[in-house]
Structure formats: C-alpha cells, structure tokens
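This briefing covers helix packing, domain assignment and the ligand shell. The structure comes before the notes.

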Amino acid sequence: MKTRIYVRKGRDSDRDAVFRFCEKTWSWGDYVPKVWDRWLKEENGRVFVATINGIPVGISHLSIDKPHEVWLSGARTNSNYRRMGVATAITRRCLEYAKKKGTQIVRLVTGSDNVAAKVVLQKLGFKPVAEFVEMITENITLERSKKSRWAEKNQTGAIWNYLQNSETYNRAAGLYTILYHWFSLEKEDLKRFLEEQKAIVHENEKGEVDGLTLIDNATAREWHENTMQTCYIDGDYNAALDMTRFLRSYCYGSGVKKIYGFTCNHKPITTALEELGLELPDSMEIMYEKRLSEV
Ligand SMILES: CC(C)(COP(=O)(O)OP(=O)(O)OC[C@H]1O[C@@H](n2cnc3c(N)ncnc32)[C@H](O)[C@@H]1OP(=O)(O)O)[C@@H](O)C(=O)NCCC(=O)NCCS
C-alpha cells in the first residue's frame with residue numbers, strides 16, 4: 001500500500017521531531033534549529049511540515065519577499081523517510097500556496113553537488129537559471145583603488161540604466177543576495193542600497209558607470225561576527241578588481257575581519273576576486289526558479 005503523506009502548517013509542537021532529524025543534515029549540523037522560532041512567527045512566511053502516520057518527517061520554509069516573488073529554503077526529509085515523495089509533496093504544497101497568494105515566481109538555491117535536491121527540483125519542473133559562488137577572504141588590507149567610490153544617491157537612474165545592459169545582471173538572473181537568500185534587484189532595491197551607502201561604483205574615463213558592487217553587513221548581524229558580504233558584483237575584470245580593493249580598504253579602516261564575496265559565477269569577476277586571494281569554493285550555488293503560470 002502507498003504511504004500516505006499529509007502536508008500541513010508547521011507548529012511549535014513539531015520542534016523536537018524536526019530538530020532531531022535535522023541534527024545530522026550536514027557534517028556541521030544544520031541552521032534550522034536557529035531559525036525555527038523566527039520562521040514560525042513570520043508574517044510573510046510559512047513552514048510546511050509533512051507527516052506520515054502523524055509523525056513529522058519533512059519540512060520546507062517559504063517566504064513571500066515581494067508581492068510577486070517567493071523564496072523557498074530549508075527543505076529537509078528525515079533520512080529514514082527519504083525517496084518516499086516527502087520533499088515532492090511539500091514543495092507541491094508550497095507552489096500551490098504561493099499561487100493562491102497571487103505570486104508569480106518561486107526560487108531557491110541548492111549546492112551544485114546536491115544530487116538529491118537537483119533531481120527533486122527538476123522533476124517538479126524547476127529550471128536552473130543562474131550560478132553563484134561564495135568567495136571568502138580574511139586577508140583585509142589597505143589598498144589603492146583608482147576609479148571606485150561610494151555611489152551617490154542621485155545615481156540610481158544611471159546605475160539602473162547600466163544594469164539593464166549588463167551581461168552580469170542577465171547572468172545573475174537579475175538577483176542579489178543577503179546571506180543565502182536571493183531577491184530580485186529592482187530599481188527600488190538599488191535605491192535603498194544607495195541611500196544606505198552600501199553601493200560602490202566604478203567609473204570609466206568619461207565618468208560613466210561601468211561597475212557596481214552592493215554590500216551588506218547582515219553576516220555581522222546574524223552570525224555575530226565582524227564581517228561584511230558582497231550582495232552583487234557587476235563589471236569587467238578591472239572594475240571588479242578595483243571595486244574589491246576599495247571594499248577591502250574600507251573594511252580595513254572599519255575593522256572588518258572577513259569578507260564573504262558572493263557573486264554570480266562570471267569569469268571576469270571570479271578571476272579578479274581570485275587575484276585578490278578570495279578562494280573559489282569546490283561547489284557552486286545553483287539558482288532554480290519556477291513560474292507559477294506553469295503550475
Ligand atoms: C533533498 C531531500 C529534501 C529530498 O527529499 P526526499 O523526500 O527524499 O525527496 P523525494 O522522495 O520527494 O524525491 C523525489 C524524487 O527525486 C529523486 N531523488 C531524491 N533523492 C535522490 C537521491 N538521493 N539521488 C537521486 N535521486 C533522488 C528521485 O527521482 C525521487 O523519486 P523516486 O524516489 O521515485 O525515484 C532530502 O534528500 C534531504 O533532506 N536532503 C538533505 C537536506 C537537503 O539537501 N536539502 C535541500 C537543500 S536545497
């Protein structure tokens with residue numbers, strides 16, 4: 001007889017079972033226990049739990065980031081209940097929920113080495129649309145940059161026009177990241193980065209924008225470290241090199257000890273970061289998306 005999988009909203013009482021099967025998700029454990037309480041309380045989010053015979057055996061988290069876009073994270077199936085359709089059932093439920101809420105697109109990332117997740121997603125009709133890498137350095141030094149500076153608030157229009165013709169923006173599927181959560185980079189988002197002084201521009205001889213780096217200190221806030229992350233990097237090799245030097249000098253001056261260099265996996269940029277000693281990881285993050293018109 002086929003096992004009956006039931007999917008419902010997560011509850012506080014699922015906690016012990018969920019924490020137990022998340023204990024050994026990765027060699028270092030899992031982040032789910034750290035975010036569980038917050039996830040359950042989110043206004044724009046929801047945790048779905050799958051049960052078999054009343055026992056919680058799988059979870060997934062959904063957040064509605066913008067009226068049109070949804071982010072999925074934290075898909076986990078108890079290792080004793082894998083290959084039984086649990087993740088498939090929860091993800092289908094997430095897609096139905098997202099559609100009911102009137103959103104249009106659902107995204108998530110998974111590691112390029114995560115065979116199980118990639119097969120599940122492809123079977124559900126998700127398409128890989130971009131690749132990202134996290135390149136880290138703890139070598140924070142004072143350096144000379146030539147053509148990079150903090151973007152001015154009134155540059156939103158010029159930078160936005162630059163992005164519309166940018167190959168990197170296209171390759172990045174128009175997305176930026178805060179921690180491991182990607183969002184569409186729209187004009188309003190860009191404006192916010194500029195207002196918060198979290199945007200570095202690179203300019204050519206004519207003073208035109210030909211590179212952009214967006215940064216955030218969410219890693220410091222969330223992980224209680226003295227660190228900084230790049231959220232988006234755009235430009236050719238020279239622009240990426242120069243902007244990263246500018247960022248490193250800024251970090252040096254403000255006592256930041258480590259930079260998480262998140263970027264789209266685009267050779268001119270990753271080569272520039274490698275040149276500065278940021279290491280390319282063994283695996284990439286693959287961005288998957290599904291348009292809800294297809295559901
Ligand atoms: C990824 C994960 C959530 C999949 O959960 P699951 O409940 O076993 O997935 P499903 O049973 O719905 O799998 C559906 C199909 O995907 C494919 N699949 C699932 N796991 C697979 C694996 N290890 N190898 C190859 N294909 C796999 C199969 O085709 C499967 O159908 P089948 O069993 O009828 O052949 C689970 O392996 C897990 O918890 N992994 C650790 C955490 C993780 O990687 N999360 C994803 C982060 S993005």
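**Helix packing and ligand shell**

Tyr237, Ala240, Leu241 and Thr244 of α9 are in contact with Pro268, Ile269, Thr271, Ala272, Leu273 and Glu275 of α10, contact being C-beta atoms, placed from the backbone, within 7 Å of each other. By class, seven of the residues in the contact of α9 with α10 are nonpolar, two polar and one charged. The model is predicted: local features need pLDDT of at least 70, side-chain atom pairs count only at pLDDT 80 or more, and totals for chains, interfaces and linings use all residues. Residues are numbered from 1 along each chain as its sequence is written. Helices (H or I, at least four residues) and strands (E, at least two) are DSSP runs numbered from the N terminus. Nonpolar residues are Ala, Val, Leu, Ile, Met, Phe, Trp, Tyr, Cys and Pro; charged ones are Asp, Glu, Lys and Arg; the others, Gly among them, are polar.

**α9 and α10**

- Helix α9 spans residues 237-253 and helix α10 residues 267-275; their axes come within 8 Å and cross at roughly 40°.
- Axes are lines fitted to C-alpha atoms, for helices over the stretch in contact, and angles run from 0 to 180 degrees between N-to-C directions.
- α9 and α10 are therefore oblique to each other (under 35 degrees is roughly parallel, over 145 roughly antiparallel, 65 to 115 roughly perpendicular, the rest oblique).

**α5 and α7**

- The axes of helix α5 (residues 156-164) and helix α7 (residues 187-195) lie 10 Å apart, at an angle of about 130°.
- That angle makes α5 oblique to α7.
- The crossing of α5 past α7 is right-handed.
- On the α5 side, Thr156, Ile159 and Trp160 meet Lys187, Leu190, Lys191 and Leu194 of α7.
- The contact of α5 with α7 has four nonpolar residues, one polar and two charged.

**α1 and α2**

- Helix α1 (residues 15-22) packs with helix α2 (residues 32-41) at about 150°, with the axes 10 Å apart.
- α1 and α2 are therefore roughly antiparallel to each other.
- α1 crosses α2 in a right-handed sense.
- Arg15, Val18, Phe19 and Cys22 of α1 make the contact with Val32, Pro33 and Trp36 of α2.
- In the contact of α1 with α2, six residues are nonpolar, none polar and one charged.

**Ligand shell**

- Thr77, Arg82, Ala87, Thr88 and Ala116 come nearest among the 20 residues around the ligand (C-beta atom, placed from the backbone, within 6 Å).
- β4 (69-77), α3 (86-100) and α4 (115-123) are the elements that give two or more residues to this shell.
- α4 supplies the largest share, six residues.
- The shell divides into nine nonpolar, seven polar and four charged residues.

**Domains**

- The protein chain is assigned domain 1 (6-103) and domain 2 (133-283), with bounds from an automatic or database domain assignment.
- The C-alpha centres of domain 1 and domain 2 are 31 Å apart.

Note on methods. Left-handed = near helix turned anticlockwise from the far one by under 90°. Contact = placed C-beta atoms within 7 Å.
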